[in-house]
Amino acid sequence: MTLGSLFKKPETTLYPFEKKPQPAGLKGHIHNEVAGCILCSMCQKACPCNAINVDKALRKWAIDPFMCVQCSTCVRACPKDCLHMLPSYTPVSTAQFCNVFDVPDPNNPTKPDTPPSTVAWDYSEPDPSGQLKR
Amino acid sequence: MGKSTVIPFGPQHPVLPEPLHLDLVVQDETVLEAIPQIGFVHRGLEKLVETRDYNQFIYVAERICGICAMGHSMGYAETIESLMGIEVPKRAEYLRTIWHELSRIHSHVLWLGLAADAFGFESMFMHCWRLRERVLDIFEKTTGGRVILSVVKVGGVVRDIDATMMREIVNVLDGIKDDYTKIMNTLLTDTSIRNRTVGVGNMTHEEALALSVVGPFARASNVNYDVRMLGRGAYGDLADFQPVLATEGDCYARVKVRCLEVLQSIEIIKELAAKMPDGAIDVQVKGAPADGAQACNVLEQPRGECYYYARGNGTKNLERMRMRTPTSQNLAGMTAALKGCDLADVNMIVLTIDPCISCTER
């Protein structure tokens, strides 16, 4: 049995240089397609670990990736289907932060309260405004 | 006869992946008594039913134990369903059972790897965990998670497995079966393993019944009991289910029972995959458990029978959620099996009983 293993390809991969392919259904991280979001807070209510924070006045949707347990309850709770689970894991970080999404106002598209963020999911940037604390 | 001394065993011990502490009262290398002590990983998870509603608690329930995660979420969901009188679609039951049996394979193969490592066969440990990785890959593809699956919800399951994926699972399991049979035969026929396990840590049939031990520990002492044979859920549709039994009641019998249960699980999954019914995978769940409603449930976890109890209070939060895990039932049997053994055999006995302290303490 062990002899046979000498002539087989290795089962291991040279992580981090080589990474395993990620299957399509992998529960990696939550992404909010802000165009469809109506800030209804259904996801916030459904979240079992209080990782989601929705601020209607500031039109911001925030998730703390360090509290999220990737259960995808919010994805099922979303009435507009704008929450998705994308198949890539959250990279390792040295500091805790929230991921903040600016939700554009459909009634006032020309003058958004806050400029829409160019990067929808940026791990490196902590909440720049510091407005959304847990 | 020398003076008796107390030797602590654990909570950090090379043979144990979990923090079990035993005070071994030893006289001349013979264990007179083993006093277990637990409380190192108590997290107060049962108390969390007061702050999480019954849908959210499922994610707490599956975090009770990493290895039995699927079993705990399934057992909890079944308890709530019987509490609220919800009928789960047949397909959801089949899918749950398939994932649960896959987690049994993953648990037993993990255990076999650890056992092989403790016996001194490090390359066999690698082989076992290589096979386990394939089961985890199935989990990853079908549920999106590798260990914590979060795939069960009250009223059904979250994801479906299509026919193509089901065929792939069966093919992977066939591949595992060939490799696994080779590993199993090597392990069970090896002389050094027989020398270390045969006749060690004996538990007679009568003792096993008197101490109410459960799971492979009991079945190795010829106790013909397995919750799966009660035919609940998808298990009722199996053509024939006979628990794997052994009569010897020693460490070798326990290794053998666990080894054969993996093959049995593979057969169960293949049979269920062939019989998979069509239809919905979940039902809508509305409302809350009635005030004073109670429900019990039993489920065969990889380590044995697990008992669930839930009581509602008319709100979305439960009044009480209680689980009696297989290891808390087996601790008394473990101390009995340790009585009179050699000090050098303690790790073999503890390992073949396979205590899961995270489950026990919650």
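Two strands count as paired when DSSP finds at least two bridges between them. Helices (H or I, at least four residues) and strands (E, at least two) are DSSP runs, numbered from the N terminus. This is a predicted model, in which local features need pLDDT of at least 70, side-chain atom pairs count only at pLDDT 80 or more, and totals for chains, interfaces and linings use all residues. Residues are numbered from 1 along each chain as its sequence is written, and side-chain values use heavy atoms, without hydrogens and water.

**View 1. Meet the open sheet of chain B.** Its three strands follow the order S1-S2-S3, with antiparallel pairing. Strands S1 (5-9) and S3 (30-37) of chain B each have a single partner strand, so one side of each is left without a neighbour in the sheet.

**View 2. Here is the pairing of S2 and S3 in chain B.** Strand S2 (residues 21-27) runs antiparallel to S3(B), and seven bridges join the two. Among the partners, B:Gln27 is bridged to B:Thr30 in S3(B).

**View 3. Two helices of chain B lie across the strands.** Contact here means heavy atoms within 4.5 Å. Axes are lines fitted to C-alpha atoms, for helices over the stretch in contact, and angles run from 0 to 180 degrees between N-to-C directions. Helix H10 (residues 326-338) of chain B lies across S2 and S3 of chain B, at about 160° to S3(B).

**View 4. Now look at A:Leu3.** This residue sits in helix H1 (residues 2-5) of chain A.

How values were computed
Chains are lettered from A and ligands numbered from 1 in the order in which they are written.
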